[in-house]
Amino acid sequence: MTTPSSTISAAELTVWRTLLRAQVQISRRLQADLLADHDLALASYDVLMHLGEAPAGRLRMNDLADRVLLSRSGLTRLVDRLQREGLVCRESCSSDARGLFAVLTPAGGARLAAATPTYQQGVRDYVLSRLDEDDLRQFGHILDKLADEPLLAAPVL
C-alpha cells in the first residue's frame, strides 16, 4: 500500500494530486453556480447551511469555525460580511461573557432556502451523478478512513 519510508511514490503522489484537483474543481463549480444564481460565495453558503441546521439557527463562533473549517479570524471576517448583508447577527452568550453566537436571520434563512437547490444540484451534477451505489459506498468508506471523525449519520445504501 505505502512505502515504509517517508518518500511518496509516483502513484501515491498522483492520487494525492488528483484528490486536490477534484476538490478544487468541485468547489470552484459550486462557487460559480452559487455566485451566478444567488450572489453567494460557497464559504458563505457553508456558514448559512450550518446555522440553518443548528438548533434555533445559532452556533457559538468557535463551533461554527470548526464546522466550516475556517480559522477563528477567517470566520470573524466572513460573519462580519454576512452581518452587513443582514444574513446573520451576533448574540452574546449568557453563560460565557467572552463567547458569541452567530445567529441566522430571517433574511439569511430565506437566502439559504433559495440557494440550497442550486447547491444540491451542483453536488449531484459534479459528484453524485458520477458515482454508482457501489462507488458511493466505497467513497464514503475511504473518506471515513481519512476524516478525523466518522461520517455523520451516513445512510446505508
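Tutor: We will go from the overall layout to helix packing, then to one residue in a loop, and finally to confidence.

Student: What does the secondary structure of the protein chain come to, and in what order do the elements run from the N terminus on?

Tutor: Bear in mind that this is a predicted model. The secondary structure comes to six helices and three strands, and from the N terminus on the elements run α-α-β-α-α-β-β-α-α. Of the 157 residues of the protein chain, 27% count as buried.

Student: How are two packed helices described?

Tutor: Two packed helices are described by the angle between their axes and by the distance between those axes. Here, the axes of helix α2 (residues 42-53) and helix α5 (residues 106-126) come within 10 Å and cross at roughly 115°, which makes α2 roughly perpendicular to α5. The crossing in which α2 passes α5 is left-handed.

Student: Which residues of α2 and α5 meet there?

Tutor: From α2, the residues L42, Y45, L48, M49 and G52 meet G108, L112, A115, T116 and Y119 of α5.

Student: At what angle do the axes of α1 and α5 cross?

Tutor: Helix α1 (residues 10-38) and α5 have axes that come within 10 Å and cross at roughly 145°, and this crossing is right-handed. On the α1 side the contact is made by I26, R29, L30, D33, L34, D37 and H38, and on the α5 side by R111, A114, A115, T118, Y119, G122, V123 and Y126. The residues of the contact of α1 with α5 divide into eight nonpolar, three polar and four charged.

Student: Is T105 buried or exposed?

Tutor: T105 is found in the loop between β3 (96-104) and α5, and it counts as buried because its relative accessibility is 14%. Leaving aside neighbours within four places in sequence, T105 is in contact with G86, L87, V88 and C89.

Student: Which element has the lowest mean pLDDT and which the highest?

Tutor: Where pLDDT is low, the predicted coordinates should not be read in detail. The protein chain averages a pLDDT of 90, and 89% of the residues score at least 70. Among the elements, β3 has the lowest mean pLDDT (83) and α5 the highest (98). Over residues 153-157 the pLDDT is below 50, and beyond near neighbours in sequence this stretch has three contacts in the model.

Key: Residues numbered from 1 in each chain as written. Predicted model: local features only at pLDDT ≥ 70, side-chain atom pairs only at ≥ 80, totals over all residues. Heavy atoms only, no water. Axes fitted to C-alpha atoms, helices over the stretch in contact; angles between N-to-C directions. Helix = DSSP H or I, 4+ residues; strand = E, 2+ residues; numbered from the N terminus. Parallel < 35°, antiparallel > 145°, perpendicular 65-115°, else oblique. Left-handed = near helix turned anticlockwise from the far one by under 90°. Contact = heavy atoms within 4.5 Å. Buried < 20%, exposed > 50% of the residue type's maximum accessible area, 1.4 Å probe, protein only. pLDDT = per-residue confidence, 0-100. Nonpolar A, V, L, I, M, F, W, Y, C, P; charged D, E, K, R; others polar.
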